[in-house]
Amino acid sequence: MFVYAGVEQDELYQDFESSRSALRNYWSLLTPLIFSDHPKRPGDEDPLPPYNMIRNVMDMNARYGGLNAAFLEAGKSVWVMNVVPIRAQNSLPLILDQGFAGVLHDWCEPFPTYPRTYDMLHANGLLSDLISKKCSTTNLLLEMDRILRPEGWVVLSDKVGPIEDARTIATQIRWEARVIDVENGSDQRLLVCQKPFLKK
């Protein structure tokens, strides 16, 4: 790690460490669902171990690219798009200097990409940021639904209030959603959702 644009070494290290810990938690939560019992799609051959159905990941509030670094260190075969919200500290040069892909984006607006591009969308603290900027959580989740592939995953980490609001919207758009209490006594919650194949 290195110091860049006034960002302290300790700050970078903490971002990476928290992302590494979070990734271990996510993988332990999702592994039984994704890697062991993933349903065979019609016409597909049986996937080879480790049945990795996550390839394209978007970190919607990337901060310093810690999640990308954690995926890399863990040897996961994924490509990560790091998105720095336009009103946050501009850490995009730091992300790019690490050799990661990244963009600046205003999450009050649609994201410029094809539909069904991503296998996993991750955001830590983004819901609270949007609420403080008076942006629509409903519009954000609808945009996430557009860019998430069927059977793709959403992992949102935030305070109880925004997470419960997002869970309500997620069930309305027919995602499978569950809230996880990551630490007893903490105000933080994890919302894990899967977008199913919808049949007529």
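I started by searching the whole structure for disulfides, and I found one. A reminder to myself: this is a predicted model.

Which cysteines does the disulfide join? I looked, and Cys 108 is joined to Cys 135, with 1.6 Å from S to S. That pair passes because the cut-off is sulfur atoms within 2.5 Å.

Next I checked where the two ends sit. Cys 108 is in the loop between strand 3 (101–105) and strand 4 (118–124), while Cys 135 is in the loop between helix 4 (126–132) and helix 5 (137–147), so the bond ties together parts 27 residues apart in sequence.

Then I wanted the handedness. The torsion about the S-S bond of Cys 108 and Cys 135 is about 55°, so I noted the disulfide down as right-handed.

Are these cysteines buried or exposed? Cys 108 has a relative accessible area of 29%, which makes it partly exposed. Cys 135 comes in at 15%, so it counts as buried, because buried means under 20%. I looked up Cys 193 too: its relative accessible area is 1%, so it is buried.

Last, I zoomed out to the whole protein. I got six helices and seven strands, and along the sequence they run α-β-α-β-α-β-β-α-α-β-α-β-β. The protein has 200 residues, and 45% of them count as buried. The accessible surface is about 10,600 Å², with 51% of that belonging to carbon and sulfur atoms.

One more entry, on contacts: of those with a separation of 6 or more, 63% are between residues 24 or more positions apart.

Conventions
Residues numbered from 1 in each chain as written. Predicted model: local features only at pLDDT ≥ 70, side-chain atom pairs only at ≥ 80, totals over all residues. Heavy atoms only, no water. Helix = DSSP H or I, 4+ residues; strand = E, 2+ residues; numbered from the N terminus. Buried < 20%, exposed > 50% of the residue type's maximum accessible area, 1.4 Å probe, protein only. Contact = heavy atoms within 4.5 Å. Areas by Shrake-Rupley, 256 points an atom, 1.4 Å probe, with all protein chains shown as cover.
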